[in-house]
Amino acid sequence: MHDEYRTVIGYLDTPINSTYDEQGRPNLGLAKILFEIDDDLISPINQEKYFDDRDEVFFTESFGKLQSRFDNKLIKIKVTNNKNVGDNQTNYVAFENSVTAFKNHEIYSFIYSKLPDSSVSHVRLNTLPHTKIFFIIDDGFAFGPFLLGRDEDDKKSDLAIGKLIPACGKINGFPSIQVGTILKFNFDEFKNNNKDVVTTTENEYYLTDVSRIELVKNNITDYVTIEQFALYLSTLKQSKVIKKINANLLIKQFNDSNSPFSRQKRAELVELINRCTYSEDIIKELALIVTNEPSCRNVLDTALESEKIKFNERWSKSAEKASNELSIQLSSIKKEIEFLDAKRIKATRDLADLDGEITEKTEQLQSEHFEKELAKKKAQVDSSIKLLNDELKILQDKHGYYSNLDELTKKVEEKESDFDYLRRNIDKKNDTLKDLENKLVENELILQGKLRDMIPYVSSIIHSPLPKIEKKIELSSIERATITEDDNIKVRQLASDFIRTITSKFNNDDRMYSAGFIASILLAQQQTFITILSGPPGIGKTSFIRMYKDYIGQEDRFLEVAVGRSWTTERELIGFHNSLTGVYSPAPTGVYQYFKGIEKDQENNCPPHTLLLDEANLSPMEHYGSIFLNIADQEASRKLQIGESAIKLPDSLNIIATVNHDMTTESLSPRLLDRAAVIPFDSIVFDINNPLISDLDNEFNVKVSAATVEMLFGKNVVYIDKDTLESLPISIEEFMNILASKDSDLGVMFNISKRKQYIIKHYIATLVSLLQQVDSIQYEEALQNACDYAILYYILPVINGNGSGTLKRLESLVNHCSENNFQLSENKLTDMIERGKYHLDTFNFFHY
């Protein structure tokens with residue numbers, strides 16, 4: 001039995017040319033799998049845990065699209081168990097939204113190739129590296145680190161070509177490697193000393209613990225590219241100080257026999273650099289010498305021309321070799337054609353012989369068949385003659401009874417007499433039926449009159465006043481501990497422990513939600529009075545809330561209501577005041593009793609309160625739930641006027657609504673969407689951005705009071721990031737600007753209200769601080785994830801438009817999300833576009 005989900009590392013390898021997308025790219029393909037991630041550890045496939053006899057995974061969609069996006073680089077794939085494995089199929093399959101980019105600095109690769117001359121700008125390697133940063137193995141030594149810059153023309157080629165760039169400096173993770181130098185170390189010795197983290201697959205080695213490079217960081221050798229030298233020349237004139245590393249680089253280039261300077265001029269330059277410290281005059285003198293040297297100004301042109309000649313020579317040799325190989329193949333194909341032609345002639349002759357035999361057999365079979373059919377027809381004719389003879393005998397017998405004409409006439413008269421008698425009886429029955437119908441109408445009129453006479457009596461019974469008795473409502477007594485803390489670091493740690501415990505409980509119950517998602521939904525629920533869970537039936541919306549209720553022990557402080565199809569007012573949800581009896585008549589939902597029961601709860605010693613409206617949009621929510629919209633704003637009072645009395649709802653009460661979208665449901669109004677957070681479970685259920693949590697050493701006691709939950713996740717948490725709270729992130733503002741653009745080519749525009757902008761800003765500032773603790777990530781990554789959740793929950797639900805203009809606006813939003821790595825929002829927008837095309841260019845957040 002295989003695990004249902006696993007996370008692996010590999011690259012997109014082999015397309016399967018069977019079906020294609022609109023751009024002619026294959027939909028199906030196989031990914032080569034190299035490693036598996038288990039408990040945050042990277043290990044080679046099938047080493048620690050069995051995966052598959054084949055180190056491959058089958059992609060069921062968008063293979064060509066993903067190839068264009070990731071360009072042969074390592075990717076992280078969340079694979080799903082293939083429960084019906086057939087021939088030539090893999091144990092696991094993957095989908096487009098199962099793929100995420102692999103971080104550049106987690107694995108380095110080593111490839112065998114000749115180390116290119118540093119003066120060559122455009123190189124050809126033996127094979128393409130599958131990691132961004134890689135090393136070249138040449139004559140037993142490893143050189144690097146390097147990057148391979150590839151433009152669009154390079155990517156179209158089947159060759160491993162591109163610009164070789166030394167990956168020096170802090171920006172690439174190698175602060176100890178200065179410009180003009182690279183590492184050089186004995187690879188076999190390094191590999192033997194680090195067997196636990198060096199893995200080989202085919203012609204490439206992989207280092208899964210990049211910190212081991214620190215062991216050889218002092219093994220430095222010179223490697224100055226022509227681009228680096230040219231860059232120093234171009235910036236020398238503006239320099240105030242020549243750094244030592246730059247000076248060494250210039251001295252090395254000036255002393256090179258291939259330098260464009262004369263021997264005398266090289267000596268002058270070297271002497272000048274050795275005397276140069278921080279003197280601006282000497283720097284100007286050096287710049288004057290360099291800039292006045294004609295050959296120096298042409299150094300780039302010379303280098304490029306040299307590279308062009310070398311490149312043409314290499315291509316000529318490759319073309320000649322390919323031509324020879326094709327000639328050999330052509331000769332072989334001609335021989336094969338001659339052989340096949342001889343076989344064709346022989347087969348034609350054999351076919352003619354067989355055709356003659358078939359003709360002979362056919363004629364023989366036809367002769368035998370004719371005789372059989374003739375005998376069969378003769379038997380059928382004989383049988384028909386026998387039947388006709390039998391019928392003739394019967395008719396002759398009947399004719400004998402009526403041979404006498406007088407006898408026949410007498411029988412006719414008897415039949416006519418019988419007919420007259422029956423007709424008279426029918427007339428009598430019809431008269432009787434008419435009498436009965438008349439009596440029935442008369443009796444019905446009498447009955448209606450008596451009923452009208454009874455109306456005053458019935459009305460008196462209905463309107464008679466009843467005693468004003470209201471049933472006393474009591475909920476069970478539940479004591480919950482309250483945690484008080486005002487230190488922002490400690491509160492944030494408590495909130496993280498709460499989230500990780502809840503996530504562990506979900507994971508242990510086979511609900512593979514990430515801790516980041518749990519954090520995002522708890523904050524949205526606590527900071528918004530109404531939260532909406534959307535998605536197709538069966539995706540787990542209602543069960544998610546029920547399970548969370550059991551985890552935190554809400555018991556009878558949680559009420560679930562199944563919304564009816566024809567609800568129009570609060571009367572169906574809560575009840576109504578009966579003016580005849582003077583008593584409030586509760587609805588059968590139990591909401592009135594629930595509100596009365598929680599009215600006197602103290603938030604520091606009872607659980608949080610939740611009202612779940614299941615299938616909430618079977619009727620218009622803004623009609624039967626308008627009373628909730630009126631108190632949804634932060635400044636509104638939580639007091640409900642019900643009948644002649646008012647009920648004060650506790651601040652910890654949250655309303656959660658689950659909705660579907662089909663022909664039987666109602667759409668959600670802009671007024672409701674402006675006040676609610678919408679959690680699209682069809683986008684979140686496959687969230688693989690963060691690792692899963694199955695077991696914890698020390699579980700946090702999540703059965704705490706409503707006041708504690710408010711302290712951890714409410715509107716006034718102390719750990720909110722105050723710098724982020726000052727203004728909306730630039731990426732969010734740019735996203736809203738695209739939505740609100742008045743460009744007529746982009747169709748109808750969508751504005752985000754000031755109310756919602758305030759909610760979004762407060763939500764992001766809280767979530768960015770919490771995600772740093774929950775997922776152990778830096779501020780930049782936490783801000784990126786927080787913005788992604790905010791767009792998905794608060795902004796995208798307002799989109800509802802049609803036509804080519806709306807399509808262009810959504811495509812602009814997809815590009816913006818891709819540039820900012822908002823993966824969840826990008827996937828949702830892409831899904832909206834695809835489903836909108838299916839729905840006659842009508843684009844809606846709630847289509848699925």
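## The chain as a whole

How much accessible surface does the chain have, and what share of it belongs to carbon and sulfur atoms? The accessible surface of the chain comes to about 48,100 Å², and 51% of it belongs to carbon and sulfur atoms; accessible areas come from the Shrake-Rupley method with a 1.4 Å probe, and for residues only the protein chains shown count as cover. This is a predicted model, in which local features need pLDDT of at least 70 and side-chain atom pairs count only at pLDDT 80 or more, while totals for chains, interfaces and linings use all residues. Residues are numbered from 1 along each chain as its sequence is written, and side-chain values use heavy atoms, with hydrogens and water left out.

The chain has 26 helices and 27 strands, where helices (H or I, at least four residues) and strands (E, at least two) are DSSP runs numbered from the N terminus. Of the 848 residues in the chain, 42% are buried; buried means under 20% relative accessible area, exposed means over 50%, and partly exposed lies in between, with a 1.4 Å probe and protein chains only. Among the contacts with a separation of 6 or more, 73% are between residues 24 or more positions apart, a contact being heavy atoms within 4.5 Å.

## An enclosed strand

Strand 21 (residues 609-614) is largely enclosed by the rest of the structure, because 6 of its 6 residues are buried. In a regular strand the side chains alternate between the two faces of the sheet. Both faces of strand 21 are covered, with His609, Leu611 and Leu613 buried on one side and Thr610, Leu612 and Asp614 buried on the other.

Strand 21 pairs in the parallel sense with strand 18 (residues 558-562) over 5 bridges, and Asp614 is the bridge partner of Ala562. Strand 21 also pairs in the parallel sense with strand 24 (residues 653-659), again over 5 bridges, and here Thr610 has Asn654 as its bridge partner. Two strands count as paired if DSSP finds at least two bridges between them.

## A hairpin

Strand 19 (residues 575-578) and strand 20 (residues 583-586) run antiparallel and are joined by 4 bridges, with His577 having Tyr584 in strand 20 as its bridge partner. The two strands form a hairpin with 4 residues between them, and in the turn Gly582 has a positive phi of about 75 degrees.

## A helix and its neighbours

Helix 25 (residues 803-819) has 17 residues and reaches 25 Å from its first C-alpha to its last, close to the 24 Å expected at 1.5 Å a residue; the expected span is 1.5 Å times one less than the number of residues. Its buried residues, including Leu807, Leu810 and Val814, pack against helix 22 (730-740), strand 26 (800-802), helix 26 (823-838) and strand 27 (842-844). Just after helix 25, Asn821 takes a positive phi of about 60 degrees.

Thr19 is found in strand 1 (residues 5-20), and it counts as partly exposed because its relative accessibility is 39%. Leaving aside residues up to four places away in sequence, Thr19 touches Arg25, Pro26, Asn27 and Leu28. Thr19 and Glu61 are 42 residues apart in sequence, and their C-alpha atoms are 9.4 Å apart in space.

Leu451 lies in helix 10 (residues 405-463) and counts as partly exposed because its relative accessibility is 48%. Together with Leu447 and Met454, Leu451 forms a nonpolar patch on the surface, with about 300 Å² of accessible area in total. Patches are made of residues with over 30% relative accessible area and no salt bridge, in which like charges are joined within 9 Å and nonpolar side chains (Val, Leu, Ile, Met, Phe, Trp, Tyr) within 5 Å; a salt bridge is a side-chain nitrogen of Lys or Arg within 4 Å of a carboxyl oxygen of Asp or Glu.
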